[in-house]
Amino acid sequence: MRSVETLRMDKFLAMGGFAQYVWPAYAAFFVILAGDVLATVVRRRRVLRELRGRLARQGTRRPRVSA
Amino acid sequence: MNAFKLWYHKLGSPPYFYVFAGYIQPWLWTIALLLAAVGLYGGLVLAPPDALQGDAFRIIFVHVPAAWMSLFVYGVMAVSAFVAVIWRPKMAEVLAMESAPIGAAFTLIALITGSLWGKPMWGTYWTWDARLTSELVLFFIYLGIIGLYHAFDDPRQGARAASFLAMIGAVNLPIVHYSVVWWNTLHQGTTVHYFGPSSIAPSMLWPLLLMTIAAKFYYGASLMGRSRVALLSLERGKDWVADEVRGDTAHG
């Protein structure tokens with residue numbers, strides 16, 4: 001016996017027979033935007049690592065001169 | 001008015017913008033996610049199936065906001081590019097160049113979701129009609145701007161060249177927008193109007209508007225995040241970046 005909730009969920013997921021179009025469209029929306037966010041997170045880490053290396057190399061040997 | 005003008009000019013200063021962007025970013029994120037959550041519930045659950053398209057019409061709630069954003073982001077980018085070319089403030093260059101990938105993402109979403117909507121409604125994933133073709137051209141213009149920006153060793157020179165391209169590419173915006181009016185196309189005409197009544201049921205309209213506003217806030221959040229990273233990279237060697245990097249190391 002399947003519960004009423006399960007049946008309602010199945011009906012929702014079926015999207016009136018258009019599930020194969022509706023869900024990939026929503027997936028595309030969220031996956032591509034997540035990619036945009038992830039790209040920024042990765043770039044931020046890379047830039048910070050680079051800048052930290054730069055600071056470490058400069059060290060405290062000489063006073064920093066702003067460019 | 002004076003206080004506003006002062007604040008506006010302060011925003012043009014990279015270290016000030018960096019702090020400001022970091023402060024508003026979590027708020028933009030929160031608003032975007034809340035609006036999207038309510039909008040998705042309204043669109044996927046509360047709105048009734050369309051009389052003609054059944055549940056396939058629900059693609060509208062991701063397709064239309066993305067398509068609108070593909071033009072909106074371009075508009076913001078083109079204005080920033082114009083300011084960057086004429087007055088050359090660094091912030092305008094950063095905002096223009098960091099908008100391009102976000103706009104490209106929204107354009108790609110509009111193309112993919114539109115294709116997935118076209119198959120059950122028109123019987124084809126793709127057709128070379130005016131709206132679809134001009135939107136595809138928009139995507140290539142975005143890619144061209146991104147590519148040109150990265151083709152230069154000096155990012156400021158790259159931003160300048162890419163800003164020119166962004167301004168020229170703006171001629172495509174009215175073509176995309178009016179393509180459904182000017183040409184006989186498979187794509188349906190406008191159903192949401194700023195002035196006068198929209199030809200869409202209120203139960204479908206409010207989730208659509210919420211998703212649209214959510215997308216705008218998402219753009220803001222993403223742009224702030226991207227601009228902050230770009231500033232760290234562009235302003236390397238400046239004292240404020242060194243301070244920021246040390247502070248960031250301190251808390252992980």
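These exercises, each with a worked solution, concern a predicted model.

**Exercise 1. Describe the make-up of chain B.**
Find how many helices and strands chain B has, and what share of its residues is buried.

*Solution.* 
Step 1. Count the elements. Chain B has nine helices and zero strands.
Step 2. Write the order. Along the sequence the pattern reads α-α-α-α-α-α-α-α-α.
Step 3. Look at the extent. The C-alpha trace of chain B spans about 60 × 40 × 35 Å along its principal axes.
Step 4. Take the buried share. Of the 252 residues in chain B, 49% are buried.
Step 5. Check how far apart in sequence the contacts reach. Take contacts in chain B between residues at least 6 apart in sequence; 74% of these join residues at least 24 apart.

**Exercise 2. Classify the ring pair B:Phe106 and B:Tyr218.**
Then say where in chain B each partner lies.

*Solution.* 
Step 1. Start with the whole structure. A search over all chains finds 17 aromatic pairs.
Step 2. Take the geometry of this pair. The ring centres of B:Phe106 and B:Tyr218 are 6.0 Å apart, and the planes stand at 85°.
Step 3. Apply the cut-offs. Centres must lie within 6.5 Å, and planes over 60 degrees apart count as edge-to-face. The pair B:Phe106 and B:Tyr218 is therefore edge-to-face.
Step 4. B:Phe106 is in helix 4 (residues 90-122) of chain B, and B:Tyr218 is in helix 8 (residues 202-234) of chain B.
Step 5. The cut-off is under 20% relative accessible area. B:Phe106 has 0% relative accessibility and counts as buried. B:Tyr218 has 6% and also counts as buried.

**Exercise 3. Find other arrangements around rings in chain B.**
Which residues form a cluster through ring pairs? Which residues lie over the faces of B:Phe72 and B:Tyr18?

*Solution.* 
Step 1. Follow the ring pairs. They link B:Phe4, B:Trp7, B:Phe17 and B:Phe20 into a cluster.
Step 2. Look above B:Phe72. B:Lys216 lies over its face, at 4.6 Å from the ring centre.
Step 3. Look above B:Tyr18. B:Arg228 lies over its face, at 4.1 Å from the ring centre.

**Exercise 4. Characterise the interface of chain A and chain B.**
How many residues of each chain are in contact, and how many salt bridges cross the interface?

*Solution.* 
Step 1. Count the residues. In contact are 33 residues of chain A and 47 residues of chain B.
Step 2. Take the area. About 3,600 Å² is buried between the chains, and carbon and sulfur atoms give 68% of this.
Step 3. Count the polar links. The interface holds three salt bridges. It also has 10 residue pairs in polar contact.
Step 4. Find the main contributor from chain A. Helix 2 (residues 19-58) of chain A gives the largest share of the side that touches chain B, 25 residues.

**Exercise 5. Trace the salt bridges.**

*Solution.* 
Step 1. Side chains of opposite charge can pair when their charged atoms come close. The structure holds nine salt bridges over all chains.
Step 2. Take B:Arg226. Its partner is A:Asp36, with the closest N and O atoms 2.7 Å apart. B:Arg226 lies in helix 8 of chain B and A:Asp36 in helix 2 of chain A, so this pair joins two chains. Both residues are buried.
Step 3. Take B:Glu98. It meets A:Arg43 in a salt bridge of 2.7 Å, N to O. A:Arg43 lies in helix 2 of chain A and B:Glu98 in helix 4 of chain B, so this pair also joins two chains. A:Arg43 and B:Glu98 are both buried.
Step 4. Take B:Lys90. It pairs with B:Glu235, the closest N and O atoms being 2.4 Å apart. B:Lys90 is in helix 4 and B:Glu235 in the loop between helix 8 and helix 9 (239-250) of chain B, so the pair ties together parts 145 residues apart in sequence. Both are buried.
Step 5. Look for shared partners. Salt bridges join A:Asp36, A:Arg43, B:Glu98 and B:Arg226 into one network.

Conventions:
Residues are numbered from 1 along each chain as its sequence is written. Chains are lettered from A and ligands numbered from 1 in the order in which they are written. This is a predicted model: local features need pLDDT of at least 70, side-chain atom pairs count only at pLDDT 80 or more; totals for chains, interfaces and linings use all residues. Side-chain values use heavy atoms; hydrogens and water are left out. Rings of Phe, Tyr and Trp (its six-membered ring) pair if their centres lie within 6.5 Å; planes under 30 degrees apart count as stacked, over 60 as edge-to-face and the rest as tilted. Helices (H or I, at least four residues) and strands (E, at least two) are DSSP runs, numbered from the N terminus. Buried means under 20% relative accessible area, exposed over 50%, partly exposed in between (1.4 Å probe, protein chains only). A charge sits over a ring if NZ of Lys or CZ of Arg is within 6 Å of the ring centre and within 35 degrees of the ring normal. Contact means heavy atoms within 4.5 Å. Buried area is the accessible area (1.4 Å probe) that two parts lose on being put together, summed over both. A salt bridge is a side-chain nitrogen of Lys or Arg within 4 Å of a carboxyl oxygen of Asp or Glu. A polar contact is a pair of N or O atoms within 3.5 Å; within protein, one must be able to donate a hydrogen and the other to accept it, and residues adjacent in sequence count only if both atoms are side-chain atoms.
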